[in-house]
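The sequence and structure come first.

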Amino acid sequence: MTSNSGDVPTIVITGAHPQLYNHDLAPTAPEGRTWGAFSLFAMWMSDVHSVGGYTFAASLFFLGLTGWQVLISMLVGITAVYFLMNLIGRPSLRYGIPFPVMARVSFGVMGANLAAIVRGVVGIVWYGVQTYFASKAVQVLIITLVPSAVDLTHNSIIGLSTLAWFSFLFMWFFQLIIFLSGMERIRRFIDFCGPVVYVVMFVLAIWMLYQAGFSSLTLQLSPPASSTTATVGVMANAAMLIVAYFSALLLNFGDFARFGKNEAAMKTGNLLGLPVNFLVFSIITVIVTAGTLKVFGEAIMDPVLIVEKIGSPIVAIIGSITFIVATMGINIVANFVSPAYDISNLKPEKINFKMGGLITSILSVLVCPWLFVASPSAITLFVSIFGSVLGPMFGIMIADYYLVKKQAVKVEDLYTMSSDGEYNYDGGWNHKALIALAMSGALSIGLSLLGAYGLMFNVGDWGWLIGAGAGALIYRGLSGQGDPQAAVAAQN
């Protein structure tokens with residue numbers, strides 16, 4: 001039996017407990033699986049094609065590696081992301097369930113709230129930060145169209161000028177309107193975002209080549225590393241940097257995979273959107289960045305600043321609008337959908353997906369992201385504590401689904417509070433998963449904090465891999481040989 005009470009048809013779970021079930025958390029019905037390879041490809045384009053994505057891709061070419069060494073590192077890192085995304089997305093695709101519901105398999109029907117809260121907090125904070133960054137492009141656009149508006153930038157209200165507040169609230173409201181229209185509208189929006197940024201980036205790359213000539217085209221933007229050993233180390237760090245960049249979506253990709261038409265579509269969309277798209281976009285990025293050396297006399301990694309420096313109001317307007325749209329795309333994909341599901345999971349009988357999104361929006365303002373990004377110590381502390389547990393959660397969920405549960409999930413038991421339910425464990429909490437999370441999380445956070453404050457060598461972005469590996473190994477060890485009944489069910 002299916003329900004159409006929302007914008008996506010879902011399967012009705014008879015007898016589901018109201019504390020665990022609503023329309024948005026129910027399994028997606030077959031007719032609701034409308035995301036083909038292109039939609040997933042477009043989703044990844046929206047995730048990569050942003051001001052932050054541009055700056056990140058350009059920065060990889062300033063690591064002291066030759067162009068081909070950077071490309072090899074990128075290929076290794078993004079290919080690892082591709083396979084990891086397929087691993088975490090497969091159960092949600094198979095059963096049609098979002099991340100917080102899938103987390104019940106590993107952490108218990110109540111313990112999943114802990115995983116949801118951590119992922120939700122990360123999403124809310126970064127949603128506010130990305131909205132703030134996008135609002136700066138809005139401010140540039142307004143001043144370009146109305147030069148006198150610069151007079152509204154000379155005051156400060158809780159850290160923002162009048163124009164900055166207007167720009168921020170404009171971005172906040174516009175994103176909210178798109179989000180509240182439902183997942184199907186979100187799909188159509190991100191189908192538009194990624195390709196349109198590609199058009200502008202290709203035009204910008206062609207303009208740079210026209211201005212600077214092909215002599216400016218280089219894939220090496222900094223002096224090479226001093227030794228072979230140092231080169232290999234930098235290449236490995238570059239690969240891990242890419243994995244860390246996608247760490248948030250590596251946990252909750254199931255929020256999107258649940259709408260996939262089939263596994264072939266998911267793998268094709270991920271292949272086009274991750275290895276292929278990421279490499280092509282990065283090459284375009286370095287062409288533009290290298291061109292700025294000759295055209296402007298310095299390497300500029302901020303695309304908004306590049307279109308400003310071109311000096312054409314039309315270019316500034318088109319460029320600003322493009323990167324506003326691009327940032328909205330990544331914000332909705334990476335930082336909006338997940339907290340909406342996570343908050344809904346905390347009180348599903350009263351909070352649906354859209355209400356969760358509204359709460360996410362409000363909280364993103366209350367964290368005052370402009371003050372947050374102005375404090376390096378606050379960012380370091382936040383990433384060290386919250387970001388460092390995303391890896392352990394990923395490792396635990398992967399080890400549990402593939403090694404312990406043998407890829408078998410009893411969907412009905414995900415929505416019951418009965419003590420006989422498969423995922424009730426001990427009062428709704430899987431203490432083995434909690435112990436594994438505490439131990440691996442302490443390791444990951446400890447290494448990150450000690451390195452950040454100079455008390456030991458900095459593990460940098462290897463913290464995610466260390467945490468994920470430790471979480472998987474500890475949980476697998478605590479769980480013994482796994483569930484033999486699950487193995488039989490998986491074979492059947």
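## Basis

The model is predicted: local features need pLDDT of at least 70, side-chain atom pairs count only at pLDDT 80 or more, and totals for chains, interfaces and linings use all residues. Residues are numbered from 1 along each chain as its sequence is written, and side-chain values use heavy atoms, with hydrogens and water left out.

## Packing of α7 and α11

Helices here are DSSP runs of H or I with at least four residues, strands are runs of E with at least two, and both are numbered from the N terminus. Helix α7 (residues 183-212) and α11 have axes that come within 9 Å and cross at roughly 35 degrees. Axes are lines fitted to C-alpha atoms, for helices over the stretch in contact, and the angles run from 0 to 180 degrees between N-to-C directions. The α7/α11 crossing is left-handed, a term for a near helix turned anticlockwise from the far one by less than a right angle (clockwise gives right-handed).

Contact means heavy atoms within 4.5 Å. On the α7 side the residues involved include Y198, M201, F202 and W207; on the α11 side they include N277, V280, F281 and I284.

T285 is located in helix α11. Its relative accessible area is 0%, so T285 is buried; buried means under 20%, exposed over 50% and partly exposed in between (1.4 Å probe, protein chains only).

Apart from neighbours within four places in sequence, T285 contacts Y54, A57 and A58.

## Nonpolar surface patch

F202, L271, L272, V276 and V280 make a nonpolar surface patch of about 380 Å². Patches take residues with over 30% relative accessible area and no salt bridge, joining like charges within 9 Å and nonpolar side chains (Val, Leu, Ile, Met, Phe, Trp, Tyr) within 5 Å. Accessible areas come from the Shrake-Rupley method with a 1.4 Å probe, and for residues only the protein chains shown count as cover.

Helix α11 (residues 263-295) supplies the largest share of the patch, four residues. L271 lies in α11 and is partly exposed, with a relative accessible area of 38%.

## Salt bridges

Side chains of opposite charge can pair when their charged atoms come close. The structure has six salt bridges, each a side-chain nitrogen of Lys or Arg within 4 Å of a carboxyl oxygen of Asp or Glu. E263 pairs with R90, with 2.8 Å between the closest N and O atoms. This pair links distant parts of the chain, E263 being in α11 and R90 in helix α3 (residues 67-95), 173 residues apart. E263 is partly exposed at 30% relative accessibility.

D400 and K405 form another salt bridge, at 2.6 Å from N to O. D400 is buried at 0% relative accessible area, and K405 is buried at 6%. In the bridge between E422 and K410, the N to O distance is 3.3 Å. Both E422 and K410 lie in the loop between α17 (390-404) and α18 (431-452), so the pair ties together parts 12 residues apart in sequence. E422 is partly exposed at 25%, and K410 is partly exposed at 43%. Salt bridges with shared partners also join R90, E263 and K267 into one network.
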